[in-house]
Amino acid sequence: MRIIINGYDLPGRYSCGSQNQVYDNVHVGVQVKRAPSGLVRGDAESAQWAIDVEVVANDTSTDFRGPAVQGKKGDRFVYLTWGHVDNHGGFEMFRRAKLMLNRIDPAVVSSGAASGELRCRVQLTDKFGAPRCARVDPPAIEWKTA
């Protein structure tokens, strides 16, 4: 199944952080294994990523697998990783957001698996105006089928 992640309300590209550490040239991407993929500038109008996920269902549970899937069985998620991009293209991660796959309505997962596509809409700025981090819960995230 393909998961399309649509990010909106990005926090901006410059001066993100606290008094102790300020990050500029902020970008966000999907973490694939340990590396960021599909980096998008923090001041972009929107962001979109497509990842392939295998849905493995049995009588009692549904599991997810794939290069962008993180976590242990029963607690799978996808990371959106935030970082500073330096002048040489190097990426220094400073926070991550967890898109929890095990919290998606099972009926939505089944429908997405049948159609081959699941869509996620996620707000990328938190209530403080910073890049969203930690576990992302509704209303900042919405899962649906195509």
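Student: Is R103 buried, partly exposed or exposed, and what is its relative accessible area?
Tutor: R103 is partly exposed, at a relative accessible area of 49%. Buried means under 20% relative accessible area, exposed over 50%, and partly exposed in between, using a 1.4 Å probe and protein chains only. This is a predicted model, where local features need pLDDT of at least 70, side-chain atom pairs count only at pLDDT 80 or more, and totals for chains, interfaces and linings use all residues. Residues are numbered from 1 along each chain as its sequence is written, and side-chain values use heavy atoms, with hydrogens and water left out.

Student: Which residue forms a salt bridge with R103?
Tutor: D137, with the closest N and O atoms 3.4 Å apart. A salt bridge is a side-chain nitrogen of Lys or Arg within 4 Å of a carboxyl oxygen of Asp or Glu. D137 lies in the loop between β13 (134–135) and β14 (141–145), and R103 in the loop between β11 (91–100) and α1, so the pair ties together parts 34 residues apart in sequence. Helices (H or I, at least four residues) and strands (E, at least two) are DSSP runs, numbered from the N terminus.

Student: How many salt bridges are there in the whole structure?
Tutor: The search finds 7. One of them joins the side chains of D63 and R76, at 2.8 Å from N to O. D63 is in strand β8 and R76 in the loop between β9 (69–70) and β10 (77–85), so this pair ties together parts 13 residues apart in sequence.

Student: Are D63 and R76 buried or exposed?
Tutor: D63 is buried, with a relative accessible area of 4%. R76 counts as buried too, at 16% relative accessibility.

Student: Where is R13, and which side chain of opposite charge is nearest?
Tutor: R13 is in the loop between β1 (2–8) and β2 (16–17). R13 is buried yet has no salt bridge, and the nearest side chain of opposite charge, D43, is 4.5 Å away. For charge, Lys and Arg count as positive and Asp and Glu as negative, while His and the chain ends are not counted.

Student: Which side chain does R13 make a polar contact with?
Tutor: The side chain of N25, at 2.6 Å. A polar contact is a pair of N or O atoms within 3.5 Å; within protein, one must be able to donate a hydrogen and the other to accept it, and residues adjacent in sequence count only if both atoms are side-chain atoms.

Student: And R132, what does its side chain reach?
Tutor: The R132 side chain reaches the backbone oxygen of Q123 at 2.8 Å and that of T125 at 2.9 Å. R132 is buried and has no salt bridge, with D126, the nearest side chain of opposite charge, 6.3 Å away. R132 sits in the loop between β12 (117–123) and β13.

Student: New topic. Which element gives the most to the lining of the largest pocket?
Tutor: α1, with 4 residues.
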